[in-house]
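Visitor: I have a model open and want to learn how to read it. Please take me through the packing and the charged pairs.

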Amino acid sequence: MTENPNHLYLDRADILALADLLREIPDLAEDLAISLTRQSRLSTRGDYRMNRRPSEQPLPYNPTASRATDELHAVLVSWVRLVCEQRAIEYTGATSTPGLARWLDRNIIALAMTEGAEGALPEIRSVVQAAAWIVCPPAAPTVLDDRKLEQARRHRLNASGIAMLAKELGEPFRALTVRRIQTLRDAGKIAPLPGPWAPGWPELYLVGDVLDGHLAHPIRRRVRAAASN
């Protein structure tokens with residue numbers, strides 16, 4: 001241990017980067033749970049019951065997602081345990097992966113004052129990236145046809161339809177999810193088309209407006225005020 005018990009082993013930039021990373025984990029853990037029981041895309045091509053023997057049926061869970069889930073949880077547990085032991089803190093969070101991540105986020109300064117904290121960012125980043133590749137594997141490069149893109153821009157779709165279309169368009173639209181569309185709407189960057197619509201119908205957007213709004217306003221993460229003090 002250092003002579004100064006309040007010495008920080010992480011600089012401000014690393015503290016902010018680690019806080020951002022920890023805040024991604026609750027949603028990532030939820031997506032991993034979905035991937036854990038999702039059958040591979042190959043199993044949805046055609047009716048596998050007609051072409052496969054019983055021994056060739058797809059597994060009822062994704063073993064790769066299972067390993068990533070366990071590794072993510074184990075890494076968080078190890079850092080929580082280290083912080084609690086060195087800083088004499090009692091753990092009061094949930095034992096789930098999201099709970100561990102939120103506790104570390106709330107106690108980010110205590111983590112930064114823990115001897116060996118220099119390894120937290122690269123280690124947690126490594127397991128997060130491994131999990132993210134399972135949840136959203138890199139897509140093959142997509143060559144956009146200008147004519148088809150222009151046709152797509154003229155469509156009127158709800159948020160779910162636009163998110164599905166964005167996946168087909170590839171970069172730079174892959175991050176255009178339903179949540180991203182709602183964020184742009186809440187910020188006044190895009191607006192739904194005027195109705196009238198039937199009660200309960202989802203709002204419709206002009207696809208081109210949403211694509212333009214997404215590109216014009218890059219995704220920015222919130223900086224936690226407490227981490228900058």
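Guide: First, the ground rules. This is a predicted model, so local features need pLDDT of at least 70, side-chain atom pairs count only at pLDDT 80 or more, and totals for chains, interfaces and linings use all residues. Residues are numbered from 1 along each chain as its sequence is written, and side-chain values use heavy atoms, with hydrogens and water left out.

Visitor: How many residues does the largest nonpolar core have?

Guide: The idea first. A nonpolar core is a set of buried Ala, Val, Leu, Ile, Met, Phe, Trp, Tyr and Cys residues joined through side-chain atoms within 4.5 Å. Buried means under 20% relative accessible area, exposed means over 50%, and partly exposed lies in between (1.4 Å probe, protein chains only). Here the largest core has 33 residues. Those with the most contacts inside it are Leu 18, Leu 22, Ile 25, Leu 76, Leu 104, Leu 111 and Ile 124.

Visitor: Which elements give two or more residues to this core?

Guide: Helices (H or I, at least four residues) and strands (E, at least two) are DSSP runs, numbered from the N terminus. The contributors are helices H1 (12–37), H3 (63–87), H4 (97–106), H5 (108–112) and H6 (120–135). H3 gives the largest share, nine residues. Another core lies apart from this one, with 16 residues, among them Leu 165, Leu 169, Leu 176 and Tyr 205.

Visitor: What is Leu 18 in contact with, leaving aside neighbours within four places in sequence?

Guide: Contact means heavy atoms within 4.5 Å. Leu 18 touches Leu 10, Ile 108, Leu 111, Ala 120, Leu 121 and Ile 124.

Visitor: Now the charges. How many salt bridges are there in the whole structure?

Guide: Side chains of opposite charge can pair when their charged atoms come close. The cut-off for a salt bridge is a side-chain nitrogen of Lys or Arg within 4 Å of a carboxyl oxygen of Asp or Glu. The search finds five. In one of them, Asp 20 pairs with Arg 23, with the closest N and O atoms 3.8 Å apart. Because they are three residues apart in helix H1, about one helical turn separates them.

Visitor: Which residues are linked with Asp 105 in a network of salt bridges?

Guide: Asp 20 and Arg 23. Asp 105 sits in helix H4. The side chains of Asp 105 and Arg 23 make a polar contact at 3.1 Å. That term means a pair of N or O atoms within 3.5 Å; within protein, one must be able to donate a hydrogen and the other to accept it, and residues adjacent in sequence count only if both atoms are side-chain atoms.

Visitor: Are Asp 105 and Arg 23 buried or partly exposed?

Guide: Asp 105 has 12% relative accessibility, so it counts as buried. Arg 23 has 28%, so it counts as partly exposed.

Visitor: Which pair links helix H10 with helix H7?

Guide: Asp 212 in H10 (residues 207–216) and Arg 153 in H7 (residues 146–153), 59 residues apart. Their closest N and O atoms are 2.8 Å apart in a salt bridge.

Visitor: Last, helix H8. Which of its residues are buried?

Guide: In H8 (residues 159–169), Ala 159, Gly 161, Ile 162, Ala 163, Leu 165, Ala 166 and Leu 169. They pack against H7, strand E1 (156–157), H9, E2 and H10. At the start of H8, a side-chain oxygen of Asn 158 reaches to within 3.2 Å of the backbone nitrogen of Ser 160. Gly 170 follows H8, with a positive phi near 75°.
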